[in-house]
Amino acid sequence: MLRRPRSEWADATVMLGGGGARGLAHLGAVRAIGHSGTGIGRLVGVSMGALMAALIAAERDVERAETIAREFLVSDRYRTLQKTVLDAAVGTHGKDETNDRWLRRWRSVFWVQKAIARAARTESLLPSTLLEIITEELLPDINIEDLRLPLHLIAVDLKTGERISMSEGPLRQAVRASMSIPGVFPAVEIEGRRLSDVGVYDAVPCDMAIELMQNQGELFVVDVSPTESANAGCKTAIQSIMRFQELAESRIREQQLRLADLVIRPQVGSVAWFDFTNPDPLIQAGYDAAVSVLQSS
C-alpha cells in the first residue's frame, strides 16, 4: 500500500528481507528500483538480505554486484568451500559433484535424525568458516560507517531476544551476525552480545526500518519468502512442526509488511535456502517483480 503518490516519493529506504538463496532476487529488485529513477537513501538488510545489501552498498553499482555474486557462485573457490564444509558435516562422497548431487548432500546435513544427533554434541550444524569465507570473498574489509550509502544490518541477541540494528563496526562481522541461522551457524560475539539471524521469525522487520527512517522518504520492502511450501501436506510430525513455524513466521511477516509503502514479492517458489546452483532465474525474478510493482503504482 502506498501512503503517497509516486510523484511525491523522496529517496526510499529499501529493506531486503531474509530468505537464503532466494535472496539473490534482491539484486534484480534493486536494479529495477534504480532503473525506475527512484533514489535509494538507505539500505536495511536481514540475513541473506544483509549480505546483498552490504554488497550493493559497497559496490554502489548493482550490475557490478550481480557480476561479483555470479562469478563467486560458479568459481572453483566456492565449490571447494562447499565440499570442505559438506565433507566435515556428512563425510566424503566421492568426486561426482553435479548440481543434483550438491543439493542431495546439502539436504543430508539437515536430515532430521542426523541433525538432532549432531545438535546434541555441537554448537551448530555447520562451522562459521562458510560465512567467514563468503564475506571475505564478496565484501571489502571496511567499517559500515565508511560506506557512502547508509546501511543497517539487523540481527537478534540470543540472550535477551532484542533485535539489534548495526550501522557501525566491521562490515563483514555484522553481515555474518545477521546471517548466522541459530543452530545452523554459531552465533557471532559482538560487544558482549551473541548475535544471530532474526529472519527465522522476523524476516522483514519494517517497524525497525521506520524508526531508522525518522519519517523521511518511503519504505520499499523486497520480500523473498517462499511462495510454496514443501511441508503443507503435514505428512510427518516433523513436517507438521515445520509447517507451524512457517505459519507463525508468515503471520508476523504479513503484519510487518502492512507498514511498508511498497512491497515487492519475487516469484521464487520453494527454493531451499542453501540452493545457490541457479542464480540467474532468481535474480531475474527479482527484477521482473520490481518492474511490475513499480509500473503499476
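The structure holds 15 salt bridges, each being a side-chain nitrogen of Lys or Arg within 4 Å of a carboxyl oxygen of Asp or Glu. This is a predicted model, in which local features need pLDDT of at least 70 and side-chain atom pairs count only at pLDDT 80 or more, while totals for chains, interfaces and linings use all residues. Residues are numbered from 1 along each chain as its sequence is written, and side-chain values use heavy atoms, with hydrogens and water left out.

Select Asp157 and Arg193 to begin: they form a salt bridge whose closest N and O atoms are 3.0 Å apart. The pair links distant parts of the chain, with Asp157 in strand 3 and Arg193 in strand 6 (residues 193–196), 36 residues apart; strands here are DSSP runs of E with at least two residues, and helices are runs of H or I with at least four, numbered from the N terminus. Asp157 is buried, at a relative accessible area of 5%, whereas Arg193 is partly exposed at 28% (buried means under 20%, exposed over 50%, partly exposed in between, with a 1.4 Å probe and protein chains only).

Because Glu162 lies in the loop between strand 3 and strand 4 (163–166) and Arg193 in strand 6, the pair ties together parts that are 31 residues apart in sequence.

Glu254 is in helix 10 (residues 237–257), and Arg265 is in the loop between strand 8 (262–264) and helix 11 (279–296).
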